[in-house]
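The sequence and the structure are shown first.

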Amino acid sequence: MNPRILVLTLSTFAFGSTAFIFAGVLETMAHDLGVATAVAGQLQTSYVLVSALLGPPLAWLLGRADRKVVLVAALGFGTLANLACAVAPGFQPLLALRTLVGLAAAIAGPSASVAAAALAPPERRGSAVAMVMGGMTVAFVIGIPLGSFVGAHFGWRSTFILAGALTAITFAGVVTLMPSVRPQPPSMGGRIDLTPLLPLYAGGFLCFAANMTVNLFIAPVVRVGAGVTGAGVGLFQMVIGLGSIVGLSLGGRAGDRGEGREWLVFCFFGQLTAMSLHVAATSHLTPPGLPSQILVALAIFVASTSLFSLMPVLSSRIIQTSQGAPLAMAVNGSVNSMGQALGSAVGGFALATVGVPGIPLSAICISVAGLVMTALLIPRRTSPAPVGPP
């Protein structure tokens, strides 16, 4: 295991945990803040919208900067913003602080992916990107369930203290272990042609939207579908992590092979299947107790495997097509964040108007759109292209 890639994985782990650290106690937090659960869910929307809107211009401005310097700055800022969230006096200040955390994530995500591609040999770049994305896997296996456990026992504010601690630890790791990584021409900013990347961006946007429609509202989905509440939600969040381990392993190998349309269609089909299982569980089409719990866990596992199988393939192809341009990866992160924002908004609307079963129903509609778009617009395969010297 390459320690230089491993330290980049810590960054994804920290911000991946931070993104959903409060999901398991969302309903409790909403009650304490005096807002509806659907409204509290917009704390995630603000996070991802800022990350989406500011990611590309920040990548252009910072395109010539050392990736280590950029990551250190983002992690330090993220640590302070997370700790400030823990003492926010009300919903509006907390909403504003979450936007600042989203700003830090917008800077860190593309930098980690570009650095991983630059540090890996050409034949291993798909796996290197998958490993960095594996930080999200660790977040779902450890960070986010730990947030649910801590929040259930010490209050929702403790989840933001935990998020601050994770980013602080990662800050120290990057400062100590990560080498200097400067982008290579022509990927140091400036203008690039994004037209060939548009179908790839659209695929990530729709897959994230479908997945996060359910994931942000995992607490009510698990409560209605499986009859589990409180710290028990963390166990189901760990299933997300298990699925992501499988998905990243499969997706990393597929990225190394240059897989394209067929693989992505398969991932969207898996997403569609998972959301259909969620509809069955939340509509009580299975007996209560263990059968419904197994069904919900299976749905979560399949959805997570599908998303994390798709991410390395899309990211490696974007890196290959753009020759590792930080701006191209920033737009990718931006588009994925916009997908998360759409998912959280759609999920909140479905919850407020239809109820919990409406959440996976809306995710099915998004998954169908992604399946059709991928089948029609994305090429079958691509060949690895250089991304500067390793």
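S17 is located in helix 1, where helices are DSSP runs of H or I with at least four residues, numbered from the N terminus. At 0% relative accessibility, S17 counts as buried, because buried means under 20% relative accessible area, exposed over 50% and partly exposed in between, with a 1.4 Å probe and protein chains only. The S17 side chain reaches the backbone oxygen of F13 at 2.9 Å.

The model is predicted: local features need pLDDT of at least 70, side-chain atom pairs count only at pLDDT 80 or more, and totals for chains, interfaces and linings use all residues. Residues are numbered from 1 along each chain as its sequence is written, and side-chain values use heavy atoms, with hydrogens and water left out.

**Helices**

| Helix | Residues | Span, first to last C-alpha | Expected span |
|---|---|---|---|
| Helix 1 | 18 residues | 26 Å | 26 Å |
| Helix 6 | 29 residues | 42 Å | 42 Å |

Helix 1 is mostly covered, with 14 of its 18 residues buried. Helix 6 is also mostly covered, with 21 of its 29 residues buried.

**Aromatic pairs**

A pair of aromatic rings is described by the distance of the centres and the angle of the planes. Rings of Phe, Tyr and Trp (its six-membered ring) pair if their centres lie within 6.5 Å; planes under 30 degrees apart count as stacked, over 60 as edge-to-face and the rest as tilted. By this rule there are three aromatic pairs. In one of them, F22 and F160 are tilted, at 5.9 Å centre to centre and 35° between the planes. F22 lies in the loop between helix 1 (3-20) and helix 2 (26-33) and F160 in helix 8 (residues 157-177), so this pair ties together parts that are 138 residues apart in sequence. Both F22 and F160 are buried. W156 and F160 form an edge-to-face pair, at 6.2 Å centre to centre and 90° between the planes. W156 is buried, as is F160.

**Cavities**

On a 1 Å grid over the protein atoms alone, a cavity is a set of points where a 1.4 Å probe fits but cannot get out, and its lining residues have an atom within 4 Å of a point. Six cavities of 30 Å³ or more are found in a search of the whole structure. The largest cavity has a volume of about 560 Å³, a volume being the space filled by probe spheres set on the points. This cavity is lined by 31 residues, and those closest to its centre are T12, A105, G109, M136 and G333. At least two lining residues each come from helix 1, helix 4 (42-61), helix 6 (91-119), helix 7 (125-154), helix 13 (290-322) and helix 14 (326-353). Helix 14 gives the most to this lining, with eight residues. The lining of the largest cavity comprises 17 nonpolar, 14 polar and no charged residues. Here Ala, Val, Leu, Ile, Met, Phe, Trp, Tyr, Cys and Pro count as nonpolar, Asp, Glu, Lys and Arg as charged, and the others, Gly among them, as polar.

**Accessible residues**

W60 is found in helix 4 and is partly exposed, with a relative accessible area of 49%. H284 lies in the loop between helix 12 (261-282) and helix 13; at 55% relative accessibility, H284 counts as exposed.

Definitions and conventions:
1 Å grid on protein atoms, 1.4 Å probe; cavity = no way out; pocket = protein on both sides within 12 Å on 5 of 7 lines; lining within 4 Å. Expected span 1.5 Å × (residues − 1). Polar contact = N/O pair within 3.5 Å; in protein donor to acceptor, adjacent residues only side chain to side chain.
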